[in-house]
Amino acid sequence: MRAVIDPAEQPLRGSIRVPSDKSISHRAVLFAALAHGRSVVRDALDAADVRSSIEAVRALGAAVDVSPGDCGLSLVIDGWGDRGPAAPPHPVDCGNSGTTARLLLGILGGYQVSVTLVGDRSLSGRPMRRVTEPLARMGARFDLSPQGTLPVTVHGGPLVGCNHELTVASAQVKTALLLAGLRATGTTTVREPAPSRDHTERMLPVFGAQVEREDSLTVRVQGLQILRPAEVAVPADPSSAAFLAVAAALVPGSEVVLRDVCLNPTRIAFLDVMRRMGVDLSIAPGPDAGGEPVGDVTVRGGAPLRPADVPPHEVPALIDEVPVLAVLACAAHGATRFRSVGELRVKESDRLDATVHALHAMGAQARVEDDDLVVVGPANLHGAEFSSRGDHRLAMAFAVAGLVASGPVSIDGFEAVAVSYPRFSEDLHALVRG
Ligand code: S3P
């Protein structure tokens, strides 16, 4: 599907609760599947990625009742608990979802089952050895494609706890190892080079598991812990809010309130960067929900923007927001540098290459220097045609760029937004209409 985004003729105005958080929704579904008994998840994200996790746990023997809720899906999940997962007679399809695939590898590694995971074209090109190699040290076995990608067959069994020193800061890898650690004997410790999102550490205790955090980089679980059922409510996704926040910042006169957003510090470094660039924004914290800080974010448009320097340590806390921050950087006076963002090459698409290509197509200056992305503003963006490359975040980032271009931006493969934000176009139009 092709979408055409016209330049915004008026400021963006209004108040929106963007869809629920993708990372938290995946974890709620997967942890509930592990628990013994009935869990309830309110406001789970209603989008293709979370549907992949729901279908996967169903295929493995959990019962999931899905009904529409106020802000997403209401889920009632009867976990497999003591019974353990059942190996289905066919491969489990993880769709486009790296989180589903990598977390399931950690989960299944600790059970006496052999299960094959498959995914769509994009997911089948993404690296899995970063999960299977440390899990193999704990005792799980895997058959992977020669490229180290899906399809992967996991042969689970008894695991032994290990110390893991990760070379990439990845919440998916960290979570897979901690989930395997819960089924292992002894202690499992994961140390990261920089802090990645910590939803797992926050949510496991809600399901009755003990998690020890030594410092912001090191987390530990004792083995042989059993999850008990829980009730979880999912706040709005800061990564989805980021597209509307940048749109509001770029269009002069805008004022947009993003309600009920997850304000977990490991997720909102994009707001720090926007502030450093000079964006007029305010945050009103509300009561925590399910161990996560939540609040409203108000963004006003049109402030003059400075370039930013984003250091490597900050990158994991804004990794999914780099393409849309690169769009914002086109409006700043000078060179914005995102340092050590090589991980963008192995996301749902090569986001580094795609971002540079799309910005060039619109007349902006952007380049890759080693693993850094450099965007030089200010740019007079013009209309262009390009493809989303099947990547939801690229489709939305470049739709935002279209609002401040001099002509229409046409994006092929726009249906990719269904992965995390199916009603993105409707929400954007509602704000443009005020
Ligand atoms: C996610 C972690 C990040 C992020 C992805 C979701 C998660 O990936 O990019 O969209 O839910 O744990 P990595 O763990 O590969 O950094």
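Mentor: Start with the bounds: the domains come from an automatic or database domain assignment. This is a predicted model, so local features need pLDDT of at least 70 and side-chain atom pairs pLDDT 80 or more, while totals for chains, interfaces and linings use all residues. Residues are numbered from 1 along each chain as its sequence is written, and side-chain values use heavy atoms, without hydrogens or water.

Trainee: Which residues go in which domain?
Mentor: Domain 1 takes 2-20 + 236-432. Domain 2 takes 22-233.

Trainee: What separates the centres of domain 1 and domain 2?
Mentor: 28 Å, taken over C-alpha atoms.

Trainee: And how many residues are in contact?
Mentor: 27 residues of domain 1 with 27 of domain 2. Contact means heavy atoms within 4.5 Å.

Trainee: What area is buried between domain 1 and domain 2?
Mentor: About 2,300 Å², with carbon and sulfur atoms giving 50%. Buried area is the accessible area (1.4 Å probe) that two parts lose on being put together, summed over both.

Trainee: Which residues of domain 1 lose the most?
Mentor: Ser-20, Glu-348 and Val-419, together 23% of what that side buries.

Trainee: How many salt bridges between the domains?
Mentor: 3 between domain 1 and domain 2. The rule wants a side-chain nitrogen of Lys or Arg within 4 Å of a carboxyl oxygen of Asp or Glu. Glu-348 also forms a salt bridge with Arg-126, at 3.8 Å, N to O.

Trainee: What is the make-up of the domain 1 side that touches domain 2?
Mentor: 10 nonpolar, 8 polar and 9 charged residues. Ala, Val, Leu, Ile, Met, Phe, Trp, Tyr, Cys and Pro count as nonpolar, Asp, Glu, Lys and Arg as charged, and the others, Gly among them, as polar.

Trainee: New topic. How many disulfides?
Mentor: 0. A disulfide needs two cysteine sulfur atoms within 2.5 Å.

Trainee: Is Cys-262 buried or exposed?
Mentor: Buried, at 0% relative accessibility. Cys-330 is buried as well, at 2%. Buried means under 20% relative accessible area, exposed over 50%, partly exposed in between (1.4 Å probe, protein chains only).
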